[in-house]
Amino acid sequence: MLTKKLVTAGVAAAIAAGAIGVAQAEEGQFIPALTYRTGPFAPGGIPTANGYVDYFHLINERDGGVNGVKFIVEECEYGYKTDRGVECYDRLKDKHGGATAVSPYSTGTTYALIDKATADKIPILSMGYGRTSAADGRVFPYVFNFPATYWSQATAVIQYIANEMGGLEALKGQRFAFIFLDHPYGKEPIPTFDILAEKFGFTYDKYPVPFATGTEQKSVWLQIRRTKPAYIIMWGWGVMNATAVKEAANIKFDMSKFIGNWWSASEQDVLPAGDGAIGYKGATFNGAGTGYKIFEDMEGMSGLSDDGDRGTVLYNRGMVNAAYVVEAVRLAQEKYGKGKRVTGEQVRWAFENLDLNAEDIEGLGLTGLMPTTKVTCLNHEGTNPAILIQQWNGKAWEIITDWIPAMTDVVRPLIEQDAAQYAKDNNITPRTCS
Amino acid sequence: MLYREAGQFKTSYSADQAMLTIPLDRWFVFALAAFAIVGVPLLASEYLMVSILLPVLILSIAALGLNILTGYCGQLSLGTGAFMAAGAYLAYKIATNITWLPIWVVIPLAGLCAAAIGIAFGLPSLRIKGFYLAVATLAAQFFLLWLFVKVPWFVNDSISGVPPAPPRTVFGFQVTGAAAGDEAKYLFVLAFVIALAWIARNLARSRIGRSWMAIRDMDIAAELVGIRPLPTKLSAFAISSFYCGVAGALWAMCYINSVEPTAFDINRSFQVLFMVIVGGLGSVLGSFLGAAFIFLLPIFLNSAPGWFGYSVASDTITHIEFMLFGVLIIFFLIVEPHGLARLWQIAKEKLRLWPFPY
Amino acid sequence: METLYLIFIDPFVQMVVEPAFLVEVLIGGLTSGVMYSLVALGFVLIFKASGIFNFAQGIFVLFAALNFVGLMDLGVHPILAFVITIGIMTALAFVVDRLVLRPLVNQDPIILFMATIGIAFFLEGFGETLWGGDVRPVRVGIPDEALFWEAGFGEILVQSADLFAGVIAAFLVTTLALFFHFTPVGRALRAVADDHQAALSVGIPLNNIWVIVWAVAGFVALAAGIMWGAKLGVQFALSTIALKALPVLILGGFTSIPGAIIGGLIVGAGEKVFENYWGVPLLEGATEDWFAYIVAMIFLFFRPQGLFGEKIIERV
């Protein structure tokens, strides 16, 4: 028995002492991919990760990388846990000559990495999540959140509602409902909505959904049934979305007046509700479906993911994310030497000078899939944040509007205010952008 | 042979009452501490220090705290995450509002606040026992997190709701926030770990520690021999919450650099409980072993295939990680239900006879 | 003063002024409560028979539902899939008994609790390896329509799926009650629950009994999984619904099957009424995560063994 126990002790010691090996390998542009293909948020994490990884694979296979420099993608699964995300980042950041850019895809991990990545000189591309005020490039030189932030999105959604109702004046006296995850992420747009409500004279009721389960929504929908809001806006994530869509269908709410944000409107959110979800709308900044030129190139290519999620909203979003990184690398190579590996710092410069117009996007075969974007030193959100509204028709998401611009005049002062506060708390002297 | 207890005579009362009575033990602990203080910052890579040792040390403090409550006093608690959150949020609040207060005062102060909250949620333990109490402590877990997210006062009305850790210095070295040097951060946390471990060890063998154990072993009997359950249980809750609060404050300030509710959710409570049980209930050493085991095993399982050049899909690895983790927990419980600390003791007993066992 | 009004008077005024809403809230709460009870039942069964707090019950629900839906997606007929899943859960019970419970027999409750957490981790990884992490809708034809019931004081919305869940729960409880009272196995189960040693001494095979209990808990988990899956789609997040079952458990008592049902109804109705009449106006809502726990905690202060739990007798 004692021998047995000692062997166990030995095993334990070996595991505890498990030295951290160092893997050094081939040259290339290294992309650390922080993914969550497991855990409660896996339904959203899987397609996003697939799209992200597949696009790099496509560029490697089709074009041989960027000017001959191939991408090396390494995934690290962190299950949407902040501490594991930080560990993954630390594990990967120095591999293969250093990370190019990192996209954490979780609020908590993004917040934890903002200062860390800045210190490591690795740019973060948190595309439509993370810290909104990072759009102020003076305070956050290494963080980018183009093509739009939560606050821009909130204003654009209100703009869309106004368009539907017949102008901004029609908002006056209206009553809306705002359903959100009771978490800093869900509460983000509230200051923006408050300003808009005051400006345009509408009111809105706030309905937080408890965070631990996200499925506790009976009360919310009973209240909504009673207050009969003109529109419902939702800031949800994970299983909360599916529940909300289902409950809305149950109370026979007009689904075309129910709008989710871009993390609340993907296939996983509507499928459980079945036909009840038809008509549900969502904001997005990327096209859905496989009707784009890029997908022709992917036909029959080997080595791509095969989960059958190609063309879903989140898959395409992952692709758009990768496309931004690829274009930034291309731009960085133009400045710092074609056909050479570029560093995170150089990619940061490229992100900041990224200017993708309609022609560039056409050339990439991504027309309709990604928006035009122009990033500046001052504005890391891009100078023309805008959203699309998509609608679920029972089988697929359809884009039903043109680009709806955000009210940057409302959002920008808020961003600068929050960024200034951040700079003050952290003793950062904002750089000048001239 | 190498490790002996016999023949080591104590000649004074103070020697008899020393924390570690056997010189070999004492030298070993001193050497380990010295190595942790001097050797690690010189030798370890940044990854090892910041991503591995730092969280393990911080979680060891939380595990120590829970071990005081569950291991020594026998009160099962699932509210660890909430008490850690209390420490984190209040440390942020204090640090940003009383800016002249040195950070090494702020963090224990936040711990004291957590202790006060711990006492309030410890009150039911006078009536409720066992798993009923465990579930009741979940009330703290959910209520406190709800409160911290709900009331913007805790984060100074920050719009984003996730404020960054304020940068603070000790002896001119920045120790909190992401800009802090790796060594400075590590040593700052290590100082807390050493101090708190030393206190815990001494508490456990003091009068109060003995009364905790009496309550744990049978509370009615303890009451009959004159141990008052109210102060005993509440003191365990208070001290345990203090440890958890300090751990939470350090976690937010030094490790993830932001004050964020999901870092302290129910899964954290469970994680710390696993550490205590796997490490060994009622053992200071066990808290460290458990924290290292539970935190590092998944990372080890996750990165192991990469070291040997196998490339496995990241989700498959994680699935295997979960399965192996579960199997190993069960395996360890079957082989040694009293935790890793007990295994260590067995190893010591073996060493006593080595190399001539009979 | 105004706060006092909002706390003590206004909610009741509201209730009287709008009785239809109150009825809706109550119905909504009771039906949610039934869903919690379905999960809580599994905990009670195992705790009653073996004194083990089976933390893996939440994962059992997910695992059973995953197998069921996974099989159906492969084209297996629902009824056949149901039967196969019961088979899988029974096999699981057998394996758990052989590999986990037997070696740990007579250990502290907390050690067994920890072991069930190990089981939970294993099943989490195993289930996802088998069936992947995507959302899978359940299509077994559970009627899911909004029924509008015209009461004298207003229109009231009732979900047929909720009613269906109520029927299933009632059926399960009745079946289990009959099973426990009138079958030899059921009697043996109760004997074991009363006193392990006494049961052993009259020749009841303890090991088989445990396999049976775990299998029955697996069956209950499957029923709960299908009902929850029909509501939310079968996905990993289902495992967190165990959190909603825990306050039900302590309120009803760990050892009482009717306690699980009545506890569920109290928790469901209580938290919905509180959220709608006090939570939203006074506390900005989202109180449902903690309300049940606080109530359970206060309640336990006065009755430490829960509503229907066996009285705790302590001796030195």
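Guide: The model is predicted. The domain assignment divides chain A into domain 1 (29-148 + 291-302 + 311-384 + 413-425) and domain 2 (150-284).

Visitor: What makes domain 1 of chain A and domain 2 of chain A count as being in contact?

Guide: Two residues are in contact if their C-beta atoms lie within 7 Å. By that rule, 14 residues of domain 1 of chain A touch 17 residues of domain 2 of chain A. On the domain 1 side, helix H2 (42-63), helix H12 (313-336) and helix H15 (408-425) of chain A each supply at least two residues. That side of domain 1 has eight nonpolar, five polar and one charged residues. The C-alpha centres of the two domains of chain A lie 28 Å apart.

Visitor: How do you know whether the radius of gyration of chain A agrees with that of a compact globule?

Guide: The globule rule is 2.2 Å times the number of residues to the power 0.38. For 434 residues a compact globule would have a radius of gyration near 22 Å, and chain A has 22 Å, so the value agrees. The C-alpha atoms of chain A fill a box of roughly 70 × 65 × 55 Å along the principal axes.

Visitor: What makes a residue of chain A buried, and what percentage of the 434 residues are buried?

Guide: A residue is buried if 20 or more other C-beta atoms lie within 10 Å of its own. Of the 434 residues in chain A, 60% are buried.

Visitor: Which share of the contacts in chain A with a separation of 6 or more joins residues 24 or more positions apart?

Guide: Such residues account for 70% of those contacts in chain A.

Terms used: Residues are numbered from 1 along each chain as its sequence is written. Chains are lettered from A and ligands numbered from 1 in the order in which they are written. This is a predicted model: local features need pLDDT of at least 70, side-chain atom pairs count only at pLDDT 80 or more; totals for chains, interfaces and linings use all residues. Domain bounds come from an automatic or database domain assignment. Helices (H or I, at least four residues) and strands (E, at least two) are DSSP runs, numbered from the N terminus. Ala, Val, Leu, Ile, Met, Phe, Trp, Tyr, Cys and Pro count as nonpolar, Asp, Glu, Lys and Arg as charged, and the others, Gly among them, as polar. A residue is buried if 20 or more other C-beta atoms lie within 10 Å of its own, exposed if 12 or fewer, and partly exposed in between; C-beta atoms are placed from the backbone.
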